[in-house]
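Subject: Structure for your review

Dear colleague,

Please find below the structure that I am handing over to you. My findings follow it.

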Amino acid sequence: MMLGTGFELEQHTLFSPLSTMPFSIVPSASASAISFSQFQTQKKNNNVGKEATIKSNSISINQNSKVSVGVNKRRHSKSYLERQSAILQLQQASSQSHFDSALARLGGMLKVQDLNAVLRNFGTLGRWQDLSQLFEWMQQNGKINASSYSSYMKFMKKNLNPVKAMEIYNGIKDESAKNNVFICNSVLSCLVRNGKFDSSIKMFHQMKQDGLIPDVVTYSTLLAGCIKVKHGYSKALELVRELRHSGLHMDSVIYGTLLAICASNTKLEEAESYFNQMKDEGHSPNVFHYSSLLNAYSISGNYRKADELVQDMKSAGLVPNKVILTTLLKVYVRGGLFEKSRELLAELETLGYADEEMPYCLLMDGLAKAGRIEEAKSLFQEIKEKSIRSDGYAHSIMISAFCRGGLLEEAKELARDFEATYDRYDLVMSNTMLCAYCRAGEMESVMQMLRKMDELAICPDYNTFSILIKFFCKERLYLLAYQTMEDMGSKGHQPEEELCSTLIFHLGKIKAHSEAFSVYNMLRHSKRTMCKALHEKILHILIAGGLLKDAYVVVKDNAGLISKPAVKKFATAFLKSGNINLINDVIKAIHGSGHKIDQELFQMAISRYIDQPEKKELLLQLLQWMPGQGYVVDSSTRNLILQNSQLFGRQLIAEILSKQHMVSKALRSC
């Protein structure tokens, strides 16, 4: 489990703090007087010379204040004061009905900047429903500008789903607003935050084509999406190259994100390089940079470099926080330094950083995976005795450890203890408990767990399906395993080859030939690699099941990967009982793959055509094709054809066989 680095994109200030303030009313004269009175009080103990100066200044200030107030009062037109009153009424609407009424009554008199001020006020106060309703009203009534869009998207943040964000963006008519970098960054951020990284990259390219000029925040936003995606490091490099090509410079936030990307992609040397490059460019590393690099060291358990890094951090005047020390603990555990890990855990307890189960779980998981289950059990008991706040992760670790160690009764007992202790489940815990029940062969408990997942709307993932398929195969419920694999595919999960190969073998054994071929196709159409032997394995299953047309597809696509005996077996079966209309195609496909067609196969094909004279055209096509490929019929097949030549036209048959004879003589003379 990766510890978070704590990096947030919000470190980049996208908007001026002033933009979030509600539209303010000019201070009154009394406010100025109070401020000046306080000023006089603070200075009254000064010497006489200063007192004279202060009095002189006070006259000037009071006079200026009066003049200023007078001028301001003259600036406040009637319409201005009416708009201020309308703004206050919208902001102070105490219920939904009051707000609806006030908006319908007062919205028409307000300018876009007034409505933007109310938007920002609602965002600051977290009035999301009012914020959304006002924004929609502004869209419908054409009282909207770039600031409206950026403010709305900024405040909605996690409350804005990607579909809604795209709908809003695509609905922007003003080209300058649509290319506004703040608005574009908000849309991209929404997509990235909701796991739509590929969509964000596609949208980014479209925005650039439409006129967007990306800034540092744009690239920082997209880079953040590279942390959790496959091949994230290579995608991050592309963005960094583009950023530099655009003449932009990387800041400390981007460096921090790159460090996190390196850690999640096990790129330790690259992480060190970026860390040093950042310092060379004059950026001072903060706690988040150190924690990201430390996280990279934890992948390999490089405790020596981790200790040096923490010492460097202290020398820079930074104090290791909870995240740093917990990540250091992970480094020690990965490095197998269990005694040092215990010492650091004790330090975390002393500092008050071990009030949650995470540090205990890190050590417990390391001990369990090292085979030190009794020590892990002792630590688990310590968590319970100290009443450490737990989300059930400790249970998950110990259940998995018991399963790995073959202690199935202990695993079942702990799984039931979890069910009795916690009133909630998540996917990880559900998979852990399923695994425990499956390994113990507890079919009823497995079914109960699946029903529980349905009730709680917990969507199964790849691991869930894999656990179940292996369990059903173990219980010899191969058709149920097949149905589960079909469900797996329908959910967008691609099964691994080993799982498919095992199921194909068992389905073939129980003569579920069609189902075996379906599993083969699932794997073939996935992006996973396939073992060459699997093509031959499914070919034998299809031949045994008489599914010769499907077998032909396998041979046609993979003949070069299938042994000659297996191809001969298929050809014999097909020419004997396969679709007669495909015989010529099968022969040509086998020949085209480099396999030679022997006389036995030609005789079988010709015999079938003779048995069905209405297929004479196919026979003639075959006989005409043979010489061009260096094939001729042998004497026995030739005699068979001549004996039945009246069925196909004696003259035509004689001409074809004459050509074959000439080819035969030429071949013998070579």
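The expected span of a helix is 1.5 Å times one less than its number of residues. Please keep in mind that this is a predicted model.

Helix α13, residues 232–245, can be set against that expectation. With 14 residues, α13 reaches 20 Å from its first C-alpha to its last, close to the 20 Å expected.

Which residues of α13 are buried? They are Gly232, Tyr233, Ala236, Leu239, Val240 and Leu243. Seen down the axis of α13, these buried residues fall within an arc of 120 degrees, so they line one face of the helix.

On the face turned away from the buried side, α13 carries the exposed residues Arg241 and His245. After α13 comes Gly247, which has a positive phi, near 85 degrees.

I also examined a pair of helices, α4 (residues 96–106) and α6 (residues 128–140). Their axes come within 12 Å and cross at roughly 20 degrees. Angles under 35 degrees count as roughly parallel, and α4 and α6 are therefore roughly parallel to each other. Their crossing is right-handed. From α4, the contact is made by Gln96, Phe99, Asp100 and Leu103; from α6, Gln129, Asp130, Gln133, Leu134 and Trp137 take part.

With kind regards

Methods
Residues numbered from 1 in each chain as written. Predicted model: local features only at pLDDT ≥ 70, side-chain atom pairs only at ≥ 80, totals over all residues. Heavy atoms only, no water. Helix = DSSP H or I, 4+ residues; strand = E, 2+ residues; numbered from the N terminus. Buried < 20%, exposed > 50% of the residue type's maximum accessible area, 1.4 Å probe, protein only. Arc of directions from axis to C-beta. Axes fitted to C-alpha atoms, helices over the stretch in contact; angles between N-to-C directions. Parallel < 35°, antiparallel > 145°, perpendicular 65-115°, else oblique. Left-handed = near helix turned anticlockwise from the far one by under 90°. Contact = heavy atoms within 4.5 Å.
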